[in-house]
Amino acid sequence: MSQKILLDKINVPGIKTYDVYRANGGYASVEKALKTLTPDEVVEEVKTSGLRGRGGAGFPAGMKWSFIDKKSGKPRHLVCNADESEPGTFKDRYLMEFIPHLLIEGMITSSYALGANLSYIYIRGEYMWVYKILERAINEAKAAGFLGKNILGSGFDLELYVHCGAGAYICGEETALIESLEGKRGNPRIKPPFPAISGLWSNPTVVNNVETIAAVPWIINNSGADYAKIGIGRSTGTKLISASGHVKNPGVYEIELGLSVYEFMNSDEYLGGMSSDRPLKAFVPGGSSVPVLPANLIYKTANGEDRLMTYESLSDGGFATGSMLGSGGFIVYNDTSCIVRNTWNFSRFYHHESCGQCSPCREGTGWMEKVLHRIENGHGREEDIDLLLSIQSKIEGNTICPLGDAAAWPVAAAIRHFRDEFEYHIRFPEKIKNRDHFVAEPFSTVKHLVGIQTV
Amino acid sequence: MERTFHPQEINITESLMNRINELISHYPEDKRKSALLPVLHEVQDAHDNWLSLELMNKVAEIIQIKPIEVYEVVSFYTMYNQKPVGKYMFEFCTTSPCCLNGAEDLMDYTCEKLGVEPGETTADGNFTVVGVQCLGACGYAPMMQLGDFYKEHLNKEKIDLLIADCKNDKIILHDK
Amino acid sequence: MKVTIDGQSIEVEPGTTILQAARMIGGEVVPPAMCYYSKLKGSGGKCRCCLVEVAKGSEADPRPMPKLMASCVTGCMDGMEVNSKSSERVQEARKSVTEFLLINHPLDCPVCDQAGECDLQNLSFEHGKSQSRFIEEKRTFEPENIGENIQLHMNRCILCYRCVMVADQLTDDRVHGVMDRGDHSNISTCISKAIDNEFSGNMIDVCPVGALTDKTFRFKSRVWFNKPYNAHRDCDKCCGKTTVWMFGDEIQRVTGRKDEFHEVEEFICNGCRFDHKEVSDWIIEGPREFEKDSVINQNNYTRKLETVEIATEDQILLGREQDRKKISMPAIPLDKNEEEDFKHGNI
């Protein structure tokens, strides 16, 4: 058993309620921080821990906190990003639904570190029942004196509220989230200025993922150094992985960073192998936006080392033979799944979710979806594959926010690793006319029909 | 753009107004606009799950912003419906991880059973079936959203049961 | 602060953006800008036409910036070195953005009133290609009537948000905005409401494309058949300084005075723009300057034009013949109905 930091108490009956949570050592970090530590010491502790943003980008959380503008004298805010919408990712919801007080505790301690007196949890509108759970939990915490004026007699005031979105993936981007929190359309802002200088209502703001904030209590209760001992190298601590697709035990798992992908996939403690006897074909390690990897690059990196669940190992080999840990959305495909169809599906997602503000993303995502839709439905042309590569390269890096990159990467990776499958779709339209085309006849059995071999 | 006008009875009850005021109080006094999204959710839930122009104008009045600011926001977010929908809105997640586990087939089955095409409402106004993008329940696929809640690990039998429950008024849509 | 763009250095005040610095230098280094408008607060950053490469961040931090930066919203730093036209990467990005802006654009310049003074035309002239790789169906929108004076043609819109900012910043009651999202985003009042604010006409001037045009000038003339003159009148609502576009003795159109970057010098009111079309309304100052290579110049040069012969007919016939060969499949004979259709050219 590896160490659990976030989910160790998840099975305690009634842990959802304040009383049980408190009885199990809950809110200890708030007491410790407010009574014995200065805000800067809390930031320092988080810095030492090496905790990296769990939303996808993996930016060191302590560093992000230290950027917040404390000199201007403007009110500061902490906003928790619970707008979890990345396909393949559902870890934050699990955490908030089953142990809501952990997030609230983290919010209080983190707000104290940042000197924020008004903080928000921005949750996606679809998680309406979780919104209600959090609202109740906040009321409980408030009744117990952990929120409001002069918390625990320390002189620190904090109001914490939940704010709900209404169905927009783009609001997971921190500046779009802030716009949405201000009651506007979720259009990402142009950076700079960064939120740490001018965020919510032009005040200095830090936006952190749920999992990042939920890790703070443990770091404060123990120490940053203890947290840094878990994991490997710059990938410290534990990470929640949401597993879906063709695996035996899909769900949310907490792993110590550094676990091998093979063990995670196959041990009974975790995914328990594939859901049926169909073999593994591909996997996406970090939510839909990160590059897909073919079977031969999953357990071993290109130079033959074991692939580990760390930021570094998963991106080993760059995009040519690697991927990214991203938000930890682990999607597994067996050989009945069609990569082209999957790529089209993701492309449709990004087309649907593009905010429409900047031209490359607005026009490019729609174009890619249309081309992929044609290929998937037997109307592809040979030149379409290169066209797709060209479109994605024109979007990548040229947009305001990372959604453009997120839309471009999966397409590039799918073509990079599964080009022959695209060619098959184009050359044998009659064979792919039903959407379950690889179920009875996996691609491996018809691969010979496509002449040119690719990696 | 295409906007058809349907009548809608507007009824901002006292309890709804209290809830709206509570939501507005979550934000600094000069930032009432911030409450727009949660308020729209509340108002929509209380008005048959859709927002007519009149209702949006009413919200603009309550929040003290221009009507166009409400229209812009409502049209941006997918959870706000701008035309009437069925009492029970089956929102199937149709993004890849769900599709790997048969979401498309199940949605087809539901549509066939109810006699509608995706996006349509049954003639009695009871059911709407729509395909939506990732709902964040990839590991529990296939799944759908119904009201405030998720129905997960679905199969044909569960769909049958669910439809029967809806018809017998046994489904709670909102957690108030 | 010293900033170098394509090898040309200039001293600028702190707070100047790269685009502003480039405009101070002038000439070829100026990046194209479709959404940035110096007179509108918060504009820019959206169209991505003005991307530049920052080869050296600043004297203090000389690292290059990894991504191309939108020059209209990126501030200059002391010692910054920027590559604009000289960078291949930048040229490639501009080509990309041009292609993206054009794929869903109707390309109806022959019937568009903006043709001849359209930023998108200029952009595609510079960075576009003569053929398209886009074979999908173009996105279209339902027409919407936004009043007596302004014609909205949403299919041409590139969503620069300038008209929304005009309404926000010049008027106190904005009634139009951006609806929906993604590639279905559209400028709309949502309720087909007339936009009749006293300064609403400026939406036409700031629109970089033909999405918002002057209804009172609609289909009256091509802009290059008009001669622009600076004119002014006493107006209690605005500065009254305009450009009148004349055909003979007739004032066909009134606009704000646009500078070399196609930005108006001062915004004008609807009264001046739409309701004063008599020569007697105006004091005409003299011809308005315009760019040497502008199409408006076409009408002002006296030079011998060569007749261009266009072999349209031949090309069309050749194309038909190729199509016929491509689609006729001798192995599968047409059935009776199809043969009939074929005769009428419907197959």
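This short talk describes the chains of one predicted model, their contacts, sheets and cores.

Good morning. In this predicted model, local features need pLDDT of at least 70 and side-chain atom pairs count only at pLDDT 80 or more, while totals for chains, interfaces and linings use all residues. Residues are numbered from 1 along each chain as its sequence is written, and chains are lettered from A and ligands numbered from 1 in the order in which they are written.

I begin with chain C. Chain C has 8 helices and 13 strands; these are DSSP runs, with helices (H or I) of at least four residues and strands (E) of at least two, numbered from the N terminus. Of the 347 residues in chain C, 41% are buried, a residue being buried if 20 or more other C-beta atoms lie within 10 Å of its own, exposed if 12 or fewer, and partly exposed in between, with C-beta atoms placed from the backbone. Two residues are in contact if their C-beta atoms, placed from the backbone, lie within 7 Å. Among contacts in chain C between residues at least 6 apart in sequence, 64% join residues at least 24 apart.

Domain bounds here come from an automatic or database domain assignment. For chain C the assignment gives domain 1 (2–98), domain 2 (104–218), domain 3 (220–303) and domain 4 (312–343). The C-alpha centres of domain 1 and domain 3 of chain C lie 31 Å apart.

Next, a sheet in chain C. In what order do the 4 strands of this open sheet stand? The order is 12-11-10-13, with antiparallel pairing; two strands pair if DSSP finds at least two bridges between them. Strand 12 (250–255) and strand 13 (283–287) of chain C are the edge strands, each pairing on one side only. From one strand to the next, the twist averages 40°, where axes are lines fitted to C-alpha atoms, for helices over the stretch in contact, and angles run from 0 to 180 degrees between N-to-C directions. Strand 10 (residues 227–232) of chain C is joined to the antiparallel strand 13 of chain C by 4 bridges. Within strand 13 of chain C, Ile284(C) is the residue opposite Ala231(C).

I turn to the cores. A nonpolar core is a set of buried Ala, Val, Leu, Ile, Met, Phe, Trp, Tyr and Cys residues joined through C-beta atoms within 7 Å. The largest such core has 257 residues, and among the members touching the most others are Ile123(A), Leu40(B) and Met143(B). Helix 17 (residues 403–427) of chain A gives this core its largest share, 13 residues. A second, separate core of 11 residues includes Ala231(C), Met246(C), Ile251(C) and Cys269(C).
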